[in-house]
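Good morning, colleagues. Please look at the sequence and structure first.

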Amino acid sequence: MKLEAWGHATALDQRVIGRIATADCPATRRQDAVLLLHGDDRVSRGDVEGYQALLTPLPVLPTWARGMAAMRAVEGLEYLEPGDVVLLTPAGFVRVLYRRRSDQNFLLVAENCNSYCLMCSQPPRPSHDIARVHEHVRLIDLIDPETRELGLTGGEPTLLRDHFLKLIEHCKSRLPRTALHVLTNGRLFFYRKFAQRLGAIAHPDLMLGIPLYSDVDCEHDYVVQATRAFDQTVIGLYHLARYEVPVEIRVVLHRQTYRRLPALAEFIARNFPFAAQVALMGLEVTGLTLAHPDELWIDPAEYQDELKAAAEHLHAAGLHVRLYNHQLCVLDRCLWRFTVRSISDWKREYLPCCESCSLRHECGGVFATSHGRHSAHISPFGRIDDGERDSPRPRPSGSSGAPKVADGAYSRDRTPL
Amino acid sequence: MTIPLTQLAAPRTGPARFRGRDAFRSGSPYYLLPFRFERFSTDEVLLVNEAGEHIFLPADDFARLTSHELRPDDDAYLDLKGKHFLADSESLVPLELLAVKARTKRAHLQGFTKLHIFVVTLRCEHTCQYCQVSRVTQDRHRFDMTEATARKAVAFAFRAPAERIKIEFQGGEPLLNFDRIVQIVREAKALAGATGRQVDFVVASNIALLTDDMLDFFREEGVSLSISLDGPAFIHNANRPRPGGNSYEVTVLNLAKARTILGAERVAALMTTTRLSLDHPREIVDEYARQGFHAIFLRSLSPYGFALKTARRIAYETDRFLSFYAAGLDRVIELNRGGYHLVEVYAQLLLRRILTPYATGYVDLQSPAGAGIGVAVYNYDGDVYASDEGRMLAEMGDTRFRLGNLHRNSYAEVFGGEWLRELVESSCIESLPGCSDCVFQPWCGADPVFNYATQGDIVGHRPDSDFHHRNAFVFRHLLERYRSDEATRRVIWSWVRGTPSDELFPEAKT
């Protein structure tokens with residue numbers, strides 16, 4: 001699924017963020033709307049007054065639309081539906097910011113980061129993040145309040161400092177029924193007051209997803225390439241617990257960390273029993289991983305022992321274990337019940353050999369974005385016979401109650417703006 | 001403490017450049033965080049840190065640890081660092097974490113006295129040989145708690161700052177003074193409502209005198225039952241003589257009634273171990289399963305009261321009890337592995353201490369001891385004791401553990417007096433001789449009343465202490481069982497969690 005496209009902008013002199021609408025949109029709501037024109041619509045100029053802009057796959061605008069702010073010749077976004085939100089730029093770029101039907105929407109609120117993780121799927125880069133905050137605010141205003149889940153990610157969102165808190169506050173007031181899942185390295189919560197201020201917002205359904213890669217500082221700091229990051233994150237976790245902000249601990253599994261996974265599980269159970277869940281995540285081979293894939297990639301089949309020991313210990317100790325980005329056929333069967341179909345729909349795919357698999361619809365698939373790296377042990381399940389029926393079935397997607405914004409870092413290919 | 005946020009928002013440009021592991025190692029020599037240790041077997045040493053986390057180290061690694069020869073990339077080094085046995089940087093974070101964990105482990109001390117035992121009568125219709133305190137008599141005037149005494153006791157109980165208190169009715173046979181139970185439940189509920197607190201009730205009874213009216217009252221008021229069940233009929237009836245010799249039969253009959261009216265979860269059972277029991281661990285455990293209980297407490301016999309008097313008849317060597325305990329525990333594990341959820345309560349308590357970061361208050365095994373600060377006993381005559389064992393001793397004529405009297409002393413005098421302070425000070429195992437450097441200390445506790453009863457002073461002498469001997473054995477035994485095999489480990493976690501094993505590990509069906 002394409003989330004970005006280029007077209008030709010006409011009479012568009014500033015960035016426009018608007019809700020997709022059809023020509024029958026009431027006039028009072030048109031000032032927030034972008035009219036999606038498929039080409040076969042029977043509309044005339046009178047029907048389209050008041051929209052922010054037109055968006056259309058048509059290579060040429062109808063004569064009645066001449067002079068209107070418009071983005072034409074945009075291909076691949078015909079699937080957009082009323083309520084979805086898009087960004088149009090004068091340079092002719094279109095980005096889908098929000099899809100109403102999806103549970104995997106996220107706001108990329110920062111490009112900068114204070115860590116530089118070996119396997120970052122969304123490498124940080126210099127950017128004037130604060131200058132874009134008003135657009136995120138605008139987007140939050142346009143999102144359907146019945147949206148079940150929304151993610152905030154970066155970069156490192158907390159680097160926005162006060163603006164970060166304002167965004168959370170804004171989500172609380174505009175989207176009080178939407179679960180908000182924030183991906184952050186948690187380092188800034190080393191500052192107790194910052195955690196306190198976040199807690200004081202009292203967002204009704206907030207969870208911070210915070211990565212922890214080792215039970216010892218030097219290993220974690222190495223993975224995130226930042227001295228003392230471990231100390232900051234660990235203290236940050238305590239501060240968040242103190243101010244009752246729910247946290248999820250996220251562990252990306254790769255060649256540099258898998259050996260101490262059981263030790264990390266014990267460390268989490270002992271030191272962070274308050275964590276709402278622990279996500280053990282398969283590696284997406286993209287972003288910075290591509291700079292040194294052989295140092296990071298390991299066939300998940302090779303770490304089954306460590307993964308099993310870690311997941312079982314966490315589970316036994318009472319933590320909620322979530323296993324992301326793993327294919328059922330590669331996992332030890334006792335791990336199936338922890339699996340979540342976590343790979344976002346727009347970057348999930350199945351291998352040719354998965355065609356015949358009887359569990360395909362219960363399996364999360366592989367990353368379309370992993371540049372062809374996946375386990376060599378992927379193979380289809382045959383028909384499940386009655387003897388096997390007793391064995392635990394994978395949890396159907398969505399039954400977990402956990403946020404499903406789950407894969408690496410909501411990453412996607414980005415075109416520079 | 002300040003740690004600079006390095007590289008804050010420092011963007012990097014150009015191709016990715018990564019620093020190697022060495023760039024993130026501290027480079028400083030390591031130092032030891034507080035821990036205790038003991039050679040566990042010929043080639044292994046057990047280490048337990050201040051927060052109760054443990055690690056087994058090969059003896060060689062232990063020697064290298066203490067002579068500061070471990071290398072930063074040794075697995076043992078990283079394991080010890082991750083579990084807070086050593087630290088190697090100027091950072092105070094490891095100490096902070098350790099402090100949080102140590103504090104968490106002692107959270108049960110908050111709230112002061114939570115368990116309040118009301119001895120509503122000393123009378124009983126049973127004549128158990130090991131019983132410490134009961135009287136078979138019709139003399140209500142002499143051995144029953146009066147209405148005025150009960151009222152005072154409830155008022156005292158609610159002076160404790162605890163958010164949630166538990167009132168336990170004992171005897172004698174408390175059902176012989178049922179009116180008092182009704183009064184206390186009503187008055188305690190009124191006080192709880194007025195002070196915004198919660199109160200739970202449990203009646204410790206042999207249930208021979210249990211009637212439907214009593215059960216209706218218990219159901220309406222949410223009162224739980226803790227019944228006596230010593231094992232199958234031949235053990236139970238031998239241990240618990242009553243007119244008719246049918247204690248077991250009456251118990252089983254009334255148990256069914258109690259479960260029907262109160263619900264199975266509101267009825268627990270408690271067993272007492274006697275010399276006769278010692279030869280039948282398996283039969284006793286099986287009886288608990290047969291009666292549908294999911295918890296059994298393989299208790300050792302207390303050395304108090306009449307038990308001391310008849311010591312020659314029913315005393316047994318601690319070693320014999322320990323074999324009994326080990327065999328009973330094996331049977332419990334076996335039943336669990338066969339699919340029947342059954343928890344051994346003492347093992348559950350100790351394993352929670354060993355395997356979880358949480359606090360577990362247990363008045364008979366904590367530091368400082370629970371006497372007075374975790375439990376108080378209001379005797380039928382208005383005397384207040386620091387523990388149930390303390391009042392049993394008093395029935396033997398030694399009132400050493402009497403803190404005062406409801407009618408003669410104020411709350412401050414009873415619970416703030418010199419004697420209770422001394423008890424607390426003398427029961428901090430962190431500083432008791434023989435305990436202070438014991439590897440099991442972070443999981444253990446003190447029992448000054450036991451020390452006094454068996455050794456003549458509240459501090460006690462560890463090398464000769466049955467209490468020490470018993471607990472050290474059980475700790476060691478539980479660790480061995482935890483490490484023995486995966487199936488046992490799963491049973492153990494199911495106890496720790498209080499969840500049936502096949503619910504916790506549904507895929508582990510074997």
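How many Å separate the centres of domain 1 of chain A and domain 2 of chain A, taken over C-alpha atoms? The two centres lie 35 Å apart. This is a predicted model, in which local features need pLDDT of at least 70 and side-chain atom pairs count only at pLDDT 80 or more, while totals for chains, interfaces and linings use all residues. Residues are numbered from 1 along each chain as its sequence is written, and chains are lettered from A and ligands numbered from 1 in the order in which they are written.

Domain 1 of chain A covers 4-98 and domain 2 covers 106-389; these bounds come from an automatic or database domain assignment. Seven residues of domain 1 and six residues of domain 2 take part in their contact, where two residues count as touching if their C-beta atoms, placed from the backbone, lie within 7 Å. On the domain 1 side, strand 3 (16-21) and strand 8 (93-98) of chain A each give two or more residues. Helices (H or I, at least four residues) and strands (E, at least two) are DSSP runs, numbered from the N terminus.

Let us turn to the sheet. In chain A, seven strands form an open sheet with parallel pairing, in the order 9-10-11-12-13-14-15; two strands pair if DSSP finds at least two bridges between them. Strand 9 (106-108) and strand 15 (321-324) of chain A are the edges, each pairing on one side only. Within the sheet, strand 12 (residues 206-211) and strand 13 (residues 247-252) of chain A run parallel and are joined by four bridges. A:Pro211 stands opposite A:Arg250 of strand 13.

Next, the chain contact. Chain A contributes 40 residues and chain B contributes 33 residues. On the chain A side, helix 4 (217-224), helix 5 (229-242) and helix 6 (261-271) each supply two or more residues, and helix 5 of chain A gives the most, with five.

Finally, helix 2 (residues 75-82) of chain B. Six of its eight residues are buried, that is, 20 or more other C-beta atoms, placed from the backbone, lie within 10 Å of their own. Among them are B:Tyr77, B:Leu78 and B:Leu80. The buried residues of this helix pack against helix 6 of chain A, and also against strand 4 (54-58), helix 1 (59-66) and strand 5 (86-87) of chain B. After helix 2 of chain B comes B:His84, with a positive phi near 65°.

Notes
A residue is buried if 20 or more other C-beta atoms lie within 10 Å of its own, exposed if 12 or fewer, and partly exposed in between; C-beta atoms are placed from the backbone.
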